[in-house]
Amino acid sequence: MPPTKRPHGPDEVQPTTALRHLIAAGEQFRHAIADHFGVTESETMALTHLRLAGPLTPREVADRVGLTPSTVTALLDRLESAGLATRSAHPTDRRKTVVRMSDNGAALLATSDERLAAALERAGADVAAALDRVAAGIEEQTVQIRALPSRSSDTT
């Protein structure tokens, strides 16, 4: 798939357009990584959340990836069968299980991280702090959007 067409100069792009381009490029990157490793994009999303948050319950994985609990069970079965994640008893609530990324899952993400690091070299030294601030802003907006009434319930 060819790259998304972008404006010619840095002054020609609006911040929201640049962010949309970054998100679209990230989605294409995730798709390429998933294809390369023979997993689904949802599986790479689950691994990313396990890397960022540490061990999660299946319900937490479902919420973060945007899947139903029954769908995430099949996803976790595939991750476990592929040796990318493990499930074990919750340390304090025996009714729950905990999902952890395996060493193989960490190796998959390490390969992905090498490619991302190469891409980030183009942005300069302060990119990490700027991206972290943007991520925090997006997370804040996500919380606010989720608090709004659903537009899908409108009958107009």
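1. The crossing of H2 and H3 is right-handed, meaning that the near helix is turned clockwise from the far one by less than a right angle. Helices here are DSSP runs (H or I, at least four residues), numbered from the N terminus.

2. This is a predicted model: local features need pLDDT of at least 70, side-chain atom pairs count only at pLDDT 80 or more, and totals for chains, interfaces and linings use all residues. Residues are numbered from 1 along each chain, and side-chain values use heavy atoms, without hydrogens and water.

3. The axes of H2 (residues 41–53) and H3 (residues 58–65) come within 10 Å. They cross at roughly 115 degrees (lines fitted to C-alpha atoms over the stretch in contact; angles run from 0 to 180 degrees between N-to-C directions).

4. On the H2 side, Ser 42, Met 45, Ala 46, His 49, Leu 50 and Ala 53 take part. They meet Val 61, Arg 64 and Val 65 of H3 (contact: heavy atoms within 4.5 Å). The contact residues divide into 6 nonpolar, 2 polar and 1 charged.

5. The second largest pocket is lined by Thr 16, Leu 19, Arg 20, Ile 23 and Ile 138. A pocket is an open set of points on a 1 Å grid where a 1.4 Å probe fits, with protein on both sides within 12 Å along at least five of seven lines; lining residues have an atom within 4 Å of a point. Helix H1 (residues 15–37) gives the largest share of this lining, 4 residues.

6. Of the 156 residues of the chain, 19% count as buried (under 20% relative accessible area, 1.4 Å probe, protein chains only).

Methods:
Helices (H or I, at least four residues) and strands (E, at least two) are DSSP runs, numbered from the N terminus. Ala, Val, Leu, Ile, Met, Phe, Trp, Tyr, Cys and Pro count as nonpolar, Asp, Glu, Lys and Arg as charged, and the others, Gly among them, as polar. Buried means under 20% relative accessible area, exposed over 50%, partly exposed in between (1.4 Å probe, protein chains only).
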